[in-house]
Amino acid sequence: MQIHTIPVLDALREPKNCAFCVMHDKLERDAIQFILGPAYMEDDVRMETNKVGFCKRHLDAMYAEQNRLGLGLMLHTYFQRQNADLNNIVKGRIPATFFGKDKSATISRLKEHLKKTHDSCYVCRKVENTFARYIDTFFYIRDRGGDDARLISAQKGYCVPHFIDLLEAAEKLGRGKREKFLDEILPAQMARFAEMESDLEWFTLKFDFRNADEPWKNSKDALPRAIEMLGGQ
């Protein structure tokens, strides 16, 4: 076992969940703990967060961590940077002048700048950079064979977003390796889809009064599992 394989192998040992959801969730939690720890006092980190900002989901996650001072300091300097950038675009125009003959060009620059910063996130970027390496490590473990590779063979499928990630990574393989990989991964994935369909069907049938006394089987939590499968954990 090598150090860079440990997070991937730990996730592959999870019995039920999509292994990549487990990896992604841990990366997010680690990134949020990092940014709300001593890192928010480091100039290079703050310069990056001032430039990149945060998405709504990760802002909510950081707010839930209760480190209001750390989050407040980061957002304060973020807005300092934003105000400086916006003032540079507007160039100190008073409203009457701002909505003058060159308003279209100024509005376009404002929209472009705000959309660029709104669509970026420091946590997302930090997570995705590491997650891409986890995908590579997954294929490294598979190619190496042995007991670790058998953990991959034992997987019961993946959520749709991460299955797409695997298919995109598989496209980069040579033709023979790509076909072999699909032969290995598709049966479990298709079985997971079929099981989800069956569980959802029985979940809906349980609302028929004629089935009121029938057991739920594996369908009682079918809705949250279906949502998790479609969107990730």
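Contact here means heavy atoms within 4.5 Å. The model is predicted.

Start at Ser-120. This residue sits in the loop between α7 (103-118) and α8 (122-144). Is Ser-120 buried or exposed? Its relative accessible area is 11%. Buried means under 20%, so Ser-120 counts as buried. Its side chain reaches the backbone oxygen of Val-52 at 2.5 Å. Leaving aside neighbours within four places in sequence, Ser-120 is in contact with Val-52, Gly-53, Phe-54, Cys-55 and Arg-125.

Now follow α8. Its 23 residues, at 1.5 Å a residue, should span 33 Å. The end C-alpha atoms are 34 Å apart, which agrees. Buried residues of α8 include Tyr-122, Val-123, Val-127, Thr-130 and Phe-131. Further along α8, Tyr-134, Ile-135, Thr-137, Phe-138, Phe-139, Ile-141 and Arg-142 are buried too. An α-helix has 3.6 residues a turn, so residues three or four places apart point the same way. Just after α8, Gly-145 takes a positive phi of about 75°.

Next comes the interior. In soluble globular proteins, nonpolar side chains tend to be buried together. The largest nonpolar core here has 44 residues. Within this core, Phe-20, Phe-138, Tyr-158 and Leu-166 touch the most other members. Helices α1 (6-12), α2 (19-36), α3 (43-52), α5 (68-90), α8, α10 (160-170) and α11 (175-205) each supply at least two of its residues. The most come from α2, which gives ten.

Take Phe-20. Leaving aside neighbours within four places in sequence, Phe-20 is in contact with Phe-131, Ile-135, Phe-138, Tyr-158, His-162 and Leu-166.

Definitions and conventions. Residues are numbered from 1 along each chain as its sequence is written. This is a predicted model: local features need pLDDT of at least 70, side-chain atom pairs count only at pLDDT 80 or more; totals for chains, interfaces and linings use all residues. Side-chain values use heavy atoms; hydrogens and water are left out. Helices (H or I, at least four residues) and strands (E, at least two) are DSSP runs, numbered from the N terminus. Buried means under 20% relative accessible area, exposed over 50%, partly exposed in between (1.4 Å probe, protein chains only). A polar contact is a pair of N or O atoms within 3.5 Å; within protein, one must be able to donate a hydrogen and the other to accept it, and residues adjacent in sequence count only if both atoms are side-chain atoms. A nonpolar core is a set of buried Ala, Val, Leu, Ile, Met, Phe, Trp, Tyr and Cys residues joined through side-chain atoms within 4.5 Å. The expected span of a helix is 1.5 Å times one less than its number of residues.
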